[in-house]
Structure formats: C-alpha cells, structure tokens
Amino acid sequence: SAARTNLAFSAKSRLSQNLFNLITLIGNRASALNMKPYLIGGIVRDLILGRDNQDIDIVVEGNAIELGENLAASEGGSVRTHEAFKTATWTSPEGIKVDLTSARTEYYDYPAALPQVELSDIKEDLYRRDFTINAMGMSLAPVDFGRLIDFFNGYLDIRGGIIKVLYNLSFTEDPTRVLRAMRFEHRFSFHMDEQTETLARNHGRTLSSVSKPRIAGELSRLLIEESPVFFVKRAAELDVFRYILSSHEDVITCLSRLSVYEELAKQVNLEKSIHNWTAILTLLSDFTPDAFSECRSYAHNKQEARYVSEIESISSAVRPAVIKLSEWHRILEGKSSVASAVFFAKAGSEDQAIAEMGRLYLTGREQVKNRISGQDLIKLGLEPGPDFKEWLLEIEGKWLDEPNLTKDDMLRWAQEHLLIRASENETE
Ligand code: ATP
C-alpha cells in the first residue's frame, strides 16, 4: 500500500550517482541539525512514474537558510538566501543547484479552504500544492530515507492516471492551475477526475482576471512542451479557450492550420526556441489587429513579441499567391522562418498550393542561405558597397527559382549581370 511505499530504491536507480549522494548528504546534515528533510513535488511524482527528472526540490521542517549556510560551510560551494521567503539555493561544489525551502512559508497564497486544524508543517506545505500527484514528499532523514509522504492519495491517483485538486477552491485561488492540469493530462496521458474537471470547466472565466505573465508562464509550457493540438481541443472542451484568447478561430480551423504548420516545422529547421509559442498562439487567432495585440500582450520578452509583430506585418502587407520564390524572398527575407511558417500555415490551410509554396520557399531559403557571400562577390571584382546586400538577395532569388544551378553557374551569372550593372552605375 501507499502508506508503506519506499522510494529509496527508485531514487538510487533513477537519479544520477551525484544527485543521489547529494540528497543523502543533505538528509544527513538536516537531521544532524534536528530538521526533517523531504524531497518534494514533481521529482517524487516522477520517481513513482519511473520518469527522468533531476530537479531537486527540498522542503525542511526547520530553517532552510540555516541548512543552506551549513552545507556551504561544511561542503563548499555557495549559497544564496532569501530571508523574506526563508529559502536558500545551495550550489554544490560540483555545480548542482538545490532549492531548499522552509515548510510553512507563505510562498503560495494560503488556501482559504484550509481547515483550521493543526497540521504538521510538511502536510501544510503539501496542501498548498496543485494536484495530489504533485503533493507528495519523500523523506531524506537517515532513519526512514525513501519513505513516501502521501497525505492525499497521490500514489493511488498516479496508479489511476488521475489529476485531482486537493480542495474545491483550488482553481479559485489559482486559475492557472487549470492550465497546469491540462499540461499534466497531456504529458502523462492522465485525466482529471470528474469533480476536478467540473471545477476546471467553471473556472475558465476566472482566467481572465489573472495577469498575462502568469498565464503566459503556463500557456507557453502547454504550447511548447506539450502539444498545441491537445491545447486547442482540450481548452475548447473545457470552455477555457475564449478566456485565454478571445480572438481565437474555431477548433476545426485551428487544427487544420496547426497541421500545415507542423508539416512545415518538420521539413524546415524552424528556430528551435522556447519563444515560438507566441507565434503558435497567433496562428490560432483570427489575425485581426485586436488579435495581434492580444497575442503580443502575452509576450515575456522582445523575441516573443517580435514573432507576433512579424506575423502582423507580413499578413497586412502580403496577399498569399502563387508567385516566384524569388518574389517571396523579397517579401520575407529578414523575417524569421517561424513567423513566415505561421503565415504560410494560415494561408496554406485554405489553399493547398500556398502550403506547397511555403514548403518550397522555406526549405529553399535554408539551402541558399550563406551559399554565396560578400567575399565571393569581391573575388569577382565587385566593389564592396551599399549594393552588396541587394545583389546577394538577387543571387539568392535566382538560386531559389533555379535550384539546379551550381555555385559556379551562380558566380558566372553574377559576374555577367552584376559587373555590367556595377559599371553602368558608375557611369551614371
Ligand atoms: P515539471 O516536470 O514540468 O517541472 P513540476 O511538477 O516540477 O513539473 P513545476 O512547475 O516546476 O512543475 O512546479 C514544481 C512543484 O511546485 C509542483 O510539483 C507543485 O507541487 C508546485 N506548484 C507549482 N506551481 C503551482 C501552482 N500554481 N499551484 C500549486 N502548486 C504549484
């Protein structure tokens, strides 16, 4: 039964040797200081699931700052402390970062639903967490190292594949948990239990009262680490889609755009970036000026905002059409492949020929990029100057239109056309 579950074996086999030694050491040291140490949160869940996770989160019943300072003094490494939160981050001599938290610090809002009974510190700490599967601990004390701490039947819920809140007001206190629930559903192929799902359904609206950056934090993980397709389907099902993106398209449209986008992403090396998610979000929108502002309002940084602005500027300037690749190159040169792919995915979901155009252009652009440089033009006898950029663009365009030309062919063409043009410019 869960009550007797011991995770020492899983921890030893799953964690790296270094990490395992480290948590053992921390456990010993905390006990020597009369504190009760626990490994908590996602890593405990993942030990039970047999999934890789090397993110060490430790909660102690006791003063985490004292523990951190003690570890740094005796083992070396360095420690950063936050008095206000009673937390410490110890960086071990091998460079492993360990977060140490004191139980019962108010780093989450205190649940209004918490019954006014005496709870052990660790129980109270775990009660503030999102779902039963994330609300377990593993003792690190030498006397019972590996003992599973599971007040809320998280172990059984993992076995049953269930995402379940700890109390009914959970989503009221933190509506972003609705997005977290969806994320874990997808990642583990789990499902919310009936009660949790009903609560989630009723909390879509409350998401509109949450700050954009907080939603963005969870939304980005759903769209990037998990799946945009899952997000669209599940968010619509739970009726939370409109509260996250009021300018969203209908589900069928979103899914068909995503399928073109994912096909393009497969063939083109889209910048592998954790910031792509704003572009994907924009793809789900109705491409109105309001939609672009709405998507931009979620951006955490310039890069994330830039994707939205690029998509906006491309779609307001260009009508999708079947034209030569060199012409597309003139329009999209300098625009990221992510934003370009979103543009082609939207148009391509309505017109197969445009999707194909996008594929040809984006894969072609990768191939011609950097195949001829300014140095090559100088070797041809061209004077470096302001026209260089234009000439390279022209060469790339020619190459896109006639991909079978060799580099020598291209240089010969450049010599014939550009040298003449350069001398014409001089005589003007
Ligand atoms: P991942 O594997 O994606 O990192 P995780 O469970 O470790 O999953 P984090 O977002 O890193 O997720 O959070 C760490 C832990 O902190 C969670 O397991 C959960 O116990 C708690 N937690 C995080 N966010 C919330 C929240 N919004 N409400 C309540 N508890 C939370």
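# Reading a predicted fold

Tutor: Start with Asp 239, which counts as partly exposed at 32% relative accessibility. Buried means under 20% relative accessible area, exposed over 50%, and partly exposed in between, with a 1.4 Å probe and protein chains only. This is a predicted model, in which local features need pLDDT of at least 70, side-chain atom pairs count only at pLDDT 80 or more, and totals for chains, interfaces and linings use all residues. Residues are numbered from 1 along each chain as its sequence is written, and side-chain values use heavy atoms, leaving out hydrogens and water.

Student: Where is the place of Asp 239?

Tutor: Asp 239 sits in the loop between α11 (228–237) and α12 (241–244). Helices (H or I, at least four residues) and strands (E, at least two) are DSSP runs, numbered from the N terminus.

Student: What phi does Asp 239 have?

Tutor: The general idea is this: most residues other than glycine have a negative phi. Asp 239 is not a glycine, yet its phi is positive, about 60 degrees. Asn 34 is another non-glycine with a positive phi, of about 65 degrees. Asn 34 is in the loop between α2 (17–32) and β1 (36–40). Asn 34 counts as exposed, because its relative accessibility is 73%.

Student: How many residues are in the largest nonpolar core?

Tutor: The general idea again: in soluble globular proteins, nonpolar side chains tend to be buried together. A nonpolar core is a set of buried Ala, Val, Leu, Ile, Met, Phe, Trp, Tyr and Cys residues joined through side-chain atoms within 4.5 Å. Here the largest one has 119 residues. Those with the most contacts inside this core are Leu 39, Leu 100, Met 138, Met 182, Phe 231 and Phe 344. Helix α18 (residues 337–350) gives the most to this core, with 8 residues. Apart from it lies another core, of 12 residues, including Ile 40, Ala 103, Tyr 127 and Phe 152.

Student: Which residues does Met 182 touch?

Tutor: Contact means heavy atoms within 4.5 Å. Leave out residues up to four places away in sequence, and Met 182 touches Met 192, Leu 222, Phe 230, Phe 231, Arg 234, Ala 235, Leu 238 and Val 240.

Student: Is Leu 281 buried or exposed?

Tutor: Leu 281 counts as buried because its relative accessibility is 0%. This residue is in helix α14 (residues 277–283). Beyond neighbours within four places in sequence, Leu 281 is in contact with Leu 219, Leu 223, Leu 245, Cys 295 and Tyr 298. Val 308, in helix α16 (residues 302–317), is also buried, with a relative accessible area of 0%. Val 308 touches Thr 278, Thr 282, Phe 292, Cys 295 and Arg 296, not counting residues up to four places away in sequence.

Student: How should I read sequence distance against space? What separates the C-alpha atoms of Val 308 and Ala 339?

Tutor: Those C-alpha atoms are 7.5 Å apart, while the residues are 31 apart along the chain. Now take Arg 330 and Arg 234, 96 residues apart along the chain, with C-alpha atoms separated by 39 Å.

Student: Is Arg 257 buried or exposed?

Tutor: Arg 257 counts as buried, because its relative accessibility is 2%. Helix α13 (residues 251–267) holds this arginine. Leaving aside neighbours within four places in sequence, its contacts include Glu 249, Ser 285, Lys 346 and Glu 350. Compare Arg 330, in helix α17 (residues 325–332), which is partly exposed with a relative accessible area of 44%.

Student: Which side chain does a polar contact join to Arg 330?

Tutor: A polar contact is a pair of N or O atoms within 3.5 Å; within protein, one must be able to donate a hydrogen and the other to accept it, and residues adjacent in sequence count only if both atoms are side-chain atoms. The side chains of Arg 330 and Glu 390 make one of 2.9 Å.

Student: How many residues surround the ligand?

Tutor: A residue is near a molecule if one of its heavy atoms lies within 4 Å of it. Here 15 residues surround the ligand, the closest being Arg 45, Asp 174, Arg 177, Arg 187 and Arg 221. Arg 45 has a side-chain N or O atom 2.8 Å from a ligand oxygen. Arg 129 has a polar side-chain atom 3.1 Å from a ligand oxygen. For Arg 177, a polar side-chain atom lies 2.8 Å from a ligand nitrogen. Helix α8 gives the most to the shell, with 5 residues.
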